[in-house]
Amino acid sequence: MTAAATAATALRVLTQLRRDPRTVALLLLVPALLVTLLRFVFDGQQETFDRLGGPLIGLFPFITMFLVTSITMLRERTGGTLERLMSMPVGKLDLLTGYGIAFATVAAAQAGLTAAVAFLLLGLDVGGSPAAVVTLAIGNAVLGMSLGLFVSVFASSEFQAVQFMPTFVFPQLLLCGLFVARDQMAGALEAISDALPLTYAFDALDRVASGGDFGGRGWLDVAVIVGVTLLALGLGALTLRRRTP
Amino acid sequence: MMQPLEAAVAVVGLEVSRGGRRVLHGLDFGVARGRITGLLGPSGCGKTTLMRAIVGVQIVQSGDVRVLGEPAGSPFVRARVGYVTQAPAVYQDLSARENLRYFARVLGAPAARVGETLEKVQLADRADRPVRNLSGGQRARVSLATALLGEPDVLVLDEPTVGLDPVLRENLWRTFHGLAERGVTLFVSSHVMDEAGRCDHLLLMRDGRLLADLTPAELRERTGEDDMEQAFLRLIEREGTSA
């Protein structure tokens, strides 16, 4: 409805995050530490590190933003502030877009830092451009955010919201092709993976990381990421009810 | 005299169920403009549900709720109604000023009103501490300030004075009367009967039904009790024998 409400919401979410320096530190540093860990787990196997490193930088923001958003949204619901906002003349999309801008900003910082550590300090070498990896990472963060927002409506406590991470995210990680190429999985699993958004997120990252042709399939991946993000945001807006039982 | 030309809130045949249980059983009443109407009754009698229906965040089964002549919850009404929930609905990790600044922007209220409103609820000296570190009464005032930001025509307050010390309660009631004098309609719930005497008009509620719709003076007259708590008990007694 209004850009002012959207900007105010983004600013408010970022201010709240700033009030919690430990969470900010965890958000920014943990992915960089994990990439460092990965580098030394595959010590002397530069090729494996190069193959996995790029996609991992791009997938971390998906995971963290999924979790952070579902918890933040749950707090907003249980703390009564959502009800207050719903009794005010504010559009639901203003709120959701504000959230999106705030978390995309955090994701950009997270992916930028992780990429800097990986490319500059750890000698990660991807075939494609590091900037493309970071850009896809931000896109994946917004995807994770919109899915987190949508599933938060099904959680009535923070315990449940935390459990949604292994429920919704782990199967997608296992099936997306990161660990085992999808055509080597049981046929049924490959078919299931076709329907999971992270499969497309990984495929795009893998194309950039391997330095091959991004091609039509790469752009299809991007279209799926954007489409699913919009779909989840739309469903999220539907679950933001003005009236509740 | 208590029948205004046009009621600020008009409720007709309101029925609400929550979790399969009927909470409000067909309520009919009006709330006069520019006055303080008290909604009194024991906890669990449906006061909060009724207030939620008036601000338009409650799913209702049947009946009509109009605020300022428009359906409750419509965009026109949302811009003119302030709502203070029982538990302070503000961001605990932000300061009072940050909370107000955010809600002012959402409401499209001028930035200067943030400072004015903080003064009004006497929080100016604590405005920059995280709300989480404030006392219960101070938190309640942050929540009230948020509702005052948009200079609403109708203010719906759910137990605004619970847990506040007597001095603060006195101050808040003075604020409420000041608002009413400027034409604001206040709808205030309480389960503390001695607050009934501070209202212009009373709605007494029990088990999702209205027991009485009268002025404090009429309540005293009808029951022959001066003490509001005794008066309410007397009313329930009569209800019991007549049923």
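Predicted model: local features only at pLDDT ≥ 70, side-chain atom pairs only at ≥ 80, totals over all residues.
Two residues are in contact if their C-beta atoms, placed from the backbone, lie within 7 Å.

Helix H4 of chain B spans residues 112-120, and its buried residues are Val114(B), Thr117(B) and Leu118(B). These residues lie on the same side of H4(B) because the arc they cover around the axis is only 105°. After H4(B) comes Gln122(B), which has a positive phi near 55°.

## Domains of chain B

The domain assignment divides chain B into domain 1, made of 1-80 + 153-211, and domain 2, made of 86-151. Between the C-alpha centres of domain 1 of chain B and domain 2 of chain B the distance is 22 Å.

## Contact between the domains

Domain 1 of chain B contributes 12 residues to the contact, and domain 2 of chain B contributes 9 residues. On the side of domain 1 of chain B that touches domain 2 of chain B, at least two residues each come from strand E7 (154-158) and helix H6 (166-181) of chain B. The largest share of that side is from H6(B), with 3 residues.

What is the make-up by class of the side of domain 1 of chain B that touches domain 2 of chain B? That side has 5 nonpolar residues, 4 polar residues and 3 charged residues.

Notes. Residues numbered from 1 in each chain as written. Chains lettered and ligands numbered in written order. Domains from an automatic or database assignment. Helix = DSSP H or I, 4+ residues; strand = E, 2+ residues; numbered from the N terminus. Nonpolar A, V, L, I, M, F, W, Y, C, P; charged D, E, K, R; others polar. Buried ≥ 20, exposed ≤ 12 C-beta atoms within 10 Å, placed from the backbone. Arc of directions from axis to C-beta.
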